[in-house]
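Visitor: Please show me the structure, and then let us discuss it in questions and answers.

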Amino acid sequence: MDRKKVNQIIDALKSNRHDKRLVLSFFASSCNYEEMQAVYDRAPQIYRGLLSFSFLKRAKLENVFQGSPMYFGTPAEYVEKAAFIVGKHASIINKYVDASLEVDRAMLWGHYEEARFKLKEIEKFAGASFWSAMYDIKIERLSKGLNSSIKLHNEYYGKSQQMVKWMMNAAFRSSSLDYSDPTTGLLAAPEDSDGAKSFNGVMRVFCFPWTGIDEGDWMCYGFVTSLIDLYNGLMLYLPNLKEESRNDERVSKSIGHLSSVISDHYLQKLTLLWGLNNNYRKDSQRDAVIYSYTSGEYDNTIELATPYLDKHPEDFELLRLYLQAMVLAGRPMPDYNREGCILERIKYYLSAIVYHKGTLTNHVRMLRGICRSQHLIRGMMLLEVMVESLNLRFLYGLFSENWKYNKFQDASDSLFYKGEDARRQYLSTLSMATSYVNNVFSQEHHQLTSDYLEVSIGYQNGNYIYRYFEESLKAGSVPPFLLDATHTYIFDELINKELCREAVEFYVKARINDISIDFIITSYQKKQILAKKELLFQEIPLEMAIYMQMTNEDEHALYFAYKKYLKYKEVKKASEIKTIDSSLLRYFLGNVATMRILTYHVLRFKTEEEVMDERIRILSNLNETFGDKVYTEEISSISRDKKIRELNAHVDESKIYVDIQSIKDNELADVQSLFDNFEAADNQTKLLKKSGEAEMVEYFRDIESNVDIIYVGVSAKQREVTDYKLDVLTKIFKIVRDQFLFNPKSGLDNYLSTRIRHGTLVNKLRNSFEIGNLVTNTIHGEYSSNDFWITKKFGLRDVKVLKCMSLFSQFSTQIDGIISRIKNDYIQVQTEDVRDKQDGCFDYQISFFDNDVNDLLFSTDIVSSEDCVDAILDILWKHTENCLESVKYRLAQAQNEMLEALKQLEKNIADVVGMGNLAWGQFNDAVIQCQSALQTDVQAVIAWFKLSGFVDFTFTIDQVISSSIAFVKDNNRNPINIIVRQDTDKDELKGEYFGALYDMFHDLLNNAQDNENVTKVGGNCIINVSQESGFLNIEVSNPISVSIENSLIEKVKKTNESLSALLTRGRSRADNNSGCTKIFNAVHNHLGSRRNKYTNQVDDHRFVASISIELEKIKAKKHENIAC
Amino acid sequence: MKILLVEDDEHKRNDVSACLMSVDGDMTIEHGYSVASGVQMAVDCQYDLLLLDMAIPNFDQSNGSNGGRPFKKGGELIVEELLDEGVDFRCAVITQYETFNNETIDEIGQRLSELCGDKYFGYVKYSTMNEDWKDDLKKLIQHVKNTLHR
């Protein structure tokens, strides 16, 4: 001890000439533990608060990371100073240790109010801390939900220093129990930036301790935190001290002393291991459980552990022993609630691991989420290392880290020591069965405890252990909680001995017997096996194919493995393999010869439908032999997919449609009276004929040629009658034509609008550009900047940014212009009366039909108005075919224009960005993909333009919903998430109603998608379908932005009131292009019943469309169940 | 000379075909549009050269079917399938892409060369931005022709 320094400091404290903060700084930075103690003891009472850093008992959170100076030094120096400060506040810390344990327990049990109350109590006696604030946010999230915790987070965030802000953010973002964010994204700063190491060190220890705690300068931040945070940091840091620091006298002295004044089990256990003191208080109740377990008395273990765990829910090591004892005693898996409180969830997943139910990896992921979310509960770090060790499935390392975080003594603590003697000595101090210690170090006989702890502690000899485990597996005596680790061990050994064939056979056999056996295979081991694959394919082709499937080999490689086995069996298709009662063959057919693999077999299957049929054959064979419903379910699923494909083909083929029957039934009343006039005129002709006035032959001589020209004409009277008839017929023709084209409910333009122009066409043609991020959307009439390419990919700066922005914007304008032209100019109907779409390909001007009308005039086949209407409709359909050719021509032209624009864009961007840009390759790829996809899409659109041929078929409501969803998913880059809830009979519906139902769902989903594209609200679009009193009740809802809710309520109200009128007046676009009129039309006019209903409303931040359809009218009769 | 051109992109197909015809007016060009039709045609008929696009769909497009998943390395799948079936063929690649699932065309070319030996005649990098590829394609065809006459 430097007495002179001590005296100097005391003098300086007493003197008025010295700034006390500087004195404190000197004191903290220059004194060792002993000197600090000496200064403190001799300093006047008034300065003891200052010397013990009492200001760390923070009055409020704002003060954390403020005011006090920092002291940089070695890790050992940090430890001794922190220990000094903590020691000086031993009474507060002891109170905190007890109280925080109560908070932890209340959290585990889900008693959130109690946890919050105790947390506030701690704040009262120990001051503010970020520990407390973080804990508060987590309690809030679990007790009151997301919004409430956001609010609380914001409160803390607003009044914190920057470092604490990050912590609050980390606490909030990790507050959900299914937390799975990669932690590095939450760290304060990039690892390579200046000072980041220190900042991130603080963040790691306090917010993400599982990422590893290393020594470093960050430790010194402890002196500017708070009393509680300083202590917590010290306790997390101590077990992670490097050996050199741990052995430093400064550490041993200060921590040894600290453990004599702080009654914290964690500290006591640690200092016991370090040999610093023996203050550790054994818990006899706990020791009795361990003794019982190691003695193999599992029933007794369960009995003893139950009351203990009721009192100590945070003792996860003992919880594990208890669950293991349950398994070993042959008790059934307890029924824990995975949606319950934190403790229930832990019990659920830990018991699933111990009982080997489900997949280890999944349970580990869930437990990891809980541990990381609730890391402030002190036992969580032990659970975390336990779980991660189990996940490694390494028998020699299952317990290697436990000593760091277990506050109780345990056999695995001996792993802290190196060498047999030290470990033996430590074990002898524990309350364990007497034979245990000898067994640990025995190399020859194997009476291992059920968790094979001896393997790790006693460095058990590999050869013995291998044989032991091999025999144990054969005998089925490996406890379930070690099955994964034991299998992995055997596999490792086989590969190490280069017995690849045996390793593959072992792997496949084990997993065929129990697919949940979760091996760890390293990539090196995989390579070793694949290096011998040709030989293995010859020797064990079936096992190899299965092994490759089980280890997720590349699909194409798996395909060749599948083929190898087919060749071995001398068959051309997997369905030709005789299905025998073999588990290997069953697995191969069930899991290797799948649709994805069969798709590669192009010499056998030429279409996806053929692939589906082959898979169905394979599954039928399997079902015949094994009679498992899994096969019938897959057959149903494939059949369903096939049906959806067929229905989608119907959708594409029924876009050019006119509901002729509806028009005939409802809209042609005027035709009959006109036709009566027509017929009356006809009678007059007959009279004229009878009187001989009908015909007159006129002779003229052509003067120039001197040739007689004979005109066969009609008399003036007859001409008058004929003109009248022509006039009437033309009127009839125009009436029928206009209904055919413009009937708002059933006419061609209505279907062009509903099935092509509204959403469908633009989505289809724009999609290929959107996928490549080559076009952007408009905001307030301007195209948004293409940040994806300009900044994110090309990383452009300065003037190039502006140039590229302009090029991309021009390109978007160009593409949207072309698409808009197709939609608004070409796919439009025009007549001599409707002239606003003069480029419309559907041009039905009456002049086109002059000859046809003339032909009709003299046709002898027309004897009724129905004949007349049918004849006119025939003419209109024929003309429609010409119009369709015109559309196709326009589409092909448009495709060329778009391809040319794309080519030009690529050139222009290359000029600005340069082909040397790192992202140029990606851009080039995007252009090529777009080029190819666009041609495919245009071909698909062209295929829409053909006349619908009616094919009778039936379908179910879920099939039409699936078809509509498929369209939304296929034609939107970021499709909304759609949830379907259906509770109806699986009634088959008549095919004639498919189109109307599809139109309805398509428009509803399209609106939801458009809303999401603009508002980015997130959430799910939900389709509820139920059945009640003979009606199908359909409800489609999607979340809306709160900001538009009120205005939307008004709009919806107005729209609801006006739908019928808008439709009757043919003003379907006056509903703000929402498609509501079209939906109204589909529901009221094309689904068989006038009792159908459709309304929209806004409810609980969601837009809700409700539709009721009378089921009986659209249901197919039993004998109508005709395949599509 | 009889060539099987496997290419699903109509524009590129027309471009490449025109270029091939300009090399030799007597050239016979047949078309495959997918992995499936490419493999089947190469199995059914002997061609002097298979000219393969890399990114092609699995099946031909037909009514109601879009040809299935597009394979970015569809050309390579054709080669591997033909090798597995023991078909004798010569091949070259014509592609517009720079990379294929993080592999460069050189890396894929190297692998095809290892798989096919001297039956692989290299690749041509097609572009809509310039016409250099035409010279490259002509040279490649000439090279194939020379080996045919040996």
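Visitor: How many residues of chain A are in contact with chain B?
Guide: In this predicted model, contact is taken as heavy atoms within 4.5 Å. On the side of chain B, 29 residues take part. On the side of chain A, the number is 37.

Visitor: Which residues of chain A lose the most area to chain B?
Guide: The two chains bury about 3,100 Å² between them, and 50% of this lies on carbon and sulfur atoms. Three residues of chain A together account for 18% of what that side buries. They are A:V602, A:L603 and A:I928.

Visitor: Which element gives the largest share of the side of chain A that touches chain B?
Guide: The helices that each supply at least two residues to this side are α32 (555-568), α34 (595-599), α35 (608-626), α45 (865-913) and α46 (920-944) of chain A. The residues of this side divide into twelve nonpolar, 13 polar and twelve charged. The largest share, eleven residues, comes from α46(A).

Visitor: Which residue of chain B meets A:K567 in a salt bridge?
Guide: Across the interface of chain A and chain B there are four salt bridges, and 14 residue pairs are in polar contact. For A:K567, the N to O distance is 3.2 Å, which lies within the 4 Å limit for a salt bridge. The partner is B:D84.

Visitor: Which residues of chain A is B:K72 in contact with?
Guide: B:K72 is placed in the loop between β5 (70-71) and α3 (74-84) of chain B. Leaving aside neighbours within four places in sequence, its contacts in chain B are B:M54, B:A55, B:Y97, B:T99, B:F100 and B:N101. The C-alpha atoms of B:K72 and B:N101 are 7.5 Å apart, although 29 residues separate the two along the chain. In chain A, the contacts of B:K72 are A:D925 and A:Q929.

Visitor: What is the volume of the largest cavity?
Guide: Rolling a probe the size of a water molecule over the atoms shows where empty space is left. The largest cavity has a volume of about 400 Å³.

Visitor: Which element gives the largest share of the lining of the largest cavity?
Guide: The lining holds 26 residues, and those closest to the centre of the cavity are A:N232, A:M235, A:L236, A:H375 and A:R378. By class, the lining has 17 nonpolar, four polar and five charged residues. Elements giving two or more residues include α6 (90-109), α8 (130-144) and α12 (227-237) of chain A. The largest share, four residues, comes from α12(A).

Visitor: Which residues that line the second largest cavity are the closest to its centre?
Guide: The second largest cavity has a volume of about 130 Å³. Its lining divides into eight nonpolar, three polar and four charged residues, and α16 (284-294) and α18 (316-328) of chain A each supply at least two of the lining residues. Of the 15 residues in the lining, the closest to the centre are A:L321, A:D410, A:M432, A:D451 and A:L453.

Visitor: Which residue forms a salt bridge with A:K120?
Guide: Over all chains, the structure has 62 salt bridges. In the one formed by A:K120, the closest N and O atoms are 3.0 Å apart.

Conventions:
Residues are numbered from 1 along each chain as its sequence is written. Chains are lettered from A and ligands numbered from 1 in the order in which they are written. This is a predicted model: local features need pLDDT of at least 70, side-chain atom pairs count only at pLDDT 80 or more; totals for chains, interfaces and linings use all residues. Side-chain values use heavy atoms; hydrogens and water are left out. Buried area is the accessible area (1.4 Å probe) that two parts lose on being put together, summed over both. A salt bridge is a side-chain nitrogen of Lys or Arg within 4 Å of a carboxyl oxygen of Asp or Glu. A polar contact is a pair of N or O atoms within 3.5 Å; within protein, one must be able to donate a hydrogen and the other to accept it, and residues adjacent in sequence count only if both atoms are side-chain atoms. Ala, Val, Leu, Ile, Met, Phe, Trp, Tyr, Cys and Pro count as nonpolar, Asp, Glu, Lys and Arg as charged, and the others, Gly among them, as polar. On a 1 Å grid over the protein atoms alone, a cavity is a set of points where a 1.4 Å probe fits but cannot get out, and a pocket is an open set with protein on both sides within 12 Å along at least five of seven lines; lining residues have an atom within 4 Å of a point. Grid points are joined across faces, edges and corners, and a volume is the space filled by probe spheres set on the points.
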